[in-house]
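Please examine the structure shown below, and then follow the explanation that comes after it.

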Protein chains: 2
Amino acid sequence: MKKIHIVGLGLLGGSFGLGALSKFPELQVTGTDISEQNLKDALTLGIITEAKEKPDSDTDLVILATPADTLGALLKETLDQIGENTLVIDLGSTKAKLCREIADHPKRKQYLAGHPIAGTEYSGPKAAFADLLDRKVMIICDLEKTDLTLKEKAYELFDALNLKLRFMDPEEHDRHLAFVSHLSHITSFMLGKTVLQKMEDEKNIFDMAGSGFASTVRLAKSSPAMWAPILTENKENILASLDGYISNLTAMREKIANSDSEGIYQEFAEINKIRDILDLGK
Amino acid sequence: MKKIHIVGLGLLGGSFGLGALSKFPELQVTGTDISEQNLKDALTLGIITEAKEKPDSDTDLVILATPADTLGALLKETLDQIGENTLVIDLGSTKAKLCREIADHPKRKQYLAGHPIAGTEYSGPKAAFADLLDRKVMIICDLEKTDLTLKEKAYELFDALNLKLRFMDPEEHDRHLAFVSHLSHITSFMLGKTVLQKMEDEKNIFDMAGSGFASTVRLAKSSPAMWAPILTENKENILASLDGYISNLTAMREKIANSDSEGIYQEFAEINKIRDILDLGK
């Protein structure tokens, strides 16, 4: 592998650049970003070796790391630009609509649908770091639709970055992520909003370290430019997860209103088994 | 200070014991727990120096660290047992009802209402550690109702443990905590429940490190024995916070259903200012 091109030099695209360069010091990493400032920062930070609007025709890999709602048009445009030995990978958080839209594209086999389960609540090239992907899960969708030889280029990079590969179909991916990632971001944002509203009335803010609030609200620091599109792109699954959540909250509200301490205890004890699931990843 | 007595040797009571002994190695720490196993563990772990059902009459401080709904009866019983140079402190997460119940007690001035904003998602004496309280906030309620000389004993311990003292009236405390702590625990438990329900259908669990889920659901590992009573003790304030939260979620649901990407973006961008509030504690 000699040359990769990254479109979108934020947290994720930037970390791919830094990670790839740390493993392959001879690599040429070209890239571009819609923001002039991001592009400048990416050069300064060593995320890319050269700013370039489009990939060279001998580029091995093109990585698309822009917001979810921009990927459809960008992917088609990119496939039209590339030579026959180039593989395009996207890193979007939603996969079903994108894979549907691209299904009949004449260069479909030059595309690999990916989603690394990695991120922080920060965004932009300055938030990127070489180890972000280390030992994280990379979900690949519709694997069989990608050319065998081109896939080897992706594996070479993923293995070097220590990504753990998992394979799912795109619909399954979106259903699953709605529950384990998208819903968490919505609940965190809405928790932040509820507390901000209360504080407007109260003007009484004190050090909340240790209150549990900081951990549940952390994701409310996330980038709106990344998250607003995810919610509309994965609308049906997110509405299903949200409806289940609101219904659980409403039932708990009734238990509290009825001072049903025993019922709350039983329910919380049941939910405690989430420990086992969280420990699965350890 | 020569002698303290702790009732309830779990995470919080246990950490007070370990912390106090680390600062005052000559201290005698007696204590008791409703669980025989906890009492045994507390002795083994060096949380107390001696198991004792009731405080000696020359005990300087009695610390009550049992679930919120047990504190009313326990506090009255303890005040009836102690000598005139003993101060009783409770560490309960709800303060208004307790302070009301004890308002006219003949030994009211020998009681100090406290709430350390410190904890983890684990419980029991084995979860306790000497530094849990270090640089955490300790909220004191109705400070003026406690005897001046006896208060000095509490300050001596609190200062040694590096607790940062804050003063609030009990109603204000409960209103505030409903939003910054109790609500977070409910949202976390209900998020855990929603994902567990989904997983019963799907049987597809994968490593979720990095998905955001782990951080928002962490509090769902918390002790039901501690949390069920808090929810019913602080019912009115918690219902108010929960209603605000459900109403925010429902409005966001509508934005998603309408594919209102711009509206979601604007709202998330507004909520991003939670960063400033979280950084206040730094």
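Across the interface of chain A and chain B there are four salt bridges, a salt bridge being a side-chain nitrogen of Lys or Arg within 4 Å of a carboxyl oxygen of Asp or Glu. The side chains of A:Arg253 and B:Asp243 form a salt bridge, with 2.6 Å from N to O. The model is a predicted one, in which local features need pLDDT of at least 70, side-chain atom pairs count only at pLDDT 80 or more, and totals for chains, interfaces and linings use all residues. Residues are numbered from 1 along each chain as its sequence is written, chains are lettered from A and ligands numbered from 1 in the order in which they are written, and side-chain values use heavy atoms, with hydrogens and water left out.

Chain A contributes 95 residues to the contact and chain B contributes 95 residues, where contact means heavy atoms within 4.5 Å. Between them, the two chains bury about 8900 Å², of which 69% lies on carbon and sulfur atoms; buried area is the accessible area (1.4 Å probe) that two parts lose on being put together, summed over both. Because 100% of the interface residues of chain A are also interface residues in chain B, the copies meet through the same surface.

How are the two chains related? Chain A is superposed on chain B by a rotation of 180 degrees with 0.0 Å of shift along its axis, at an RMSD of 0.0 Å. This is the relation of a two-fold axis. The superposition is by least squares on the C-alpha atoms of residues with pLDDT of at least 70 in both copies. Of the residues of chain A, A:Thr216 comes closest to the rotation axis, its C-alpha lying at 2.2 Å.

Helix α9 of chain A comprises residues 235-257, and its 23 residues reach 32 Å from first C-alpha to last, close to the expected 33 Å. The expected span is 1.5 Å times one less than the number of residues; helices are DSSP runs (H or I, at least four residues), numbered from the N terminus. Among the buried residues of α9(A) are A:Leu242, A:Tyr245 and A:Arg253, buried meaning under 20% relative accessible area with a 1.4 Å probe, protein chains only.

Finally, consider the cysteines. The structure holds zero disulfides over all chains, a disulfide being a pair of cysteine sulfur atoms within 2.5 Å. The sulfur of A:Cys141 is 5.7 Å from the closest cysteine sulfur, that of A:Cys99, which is too far for a bond. A:Cys141 counts as buried, at 0% relative accessibility.

Terms used
Helix = DSSP H or I, 4+ residues; strand = E, 2+ residues; numbered from the N terminus. Buried < 20%, exposed > 50% of the residue type's maximum accessible area, 1.4 Å probe, protein only.
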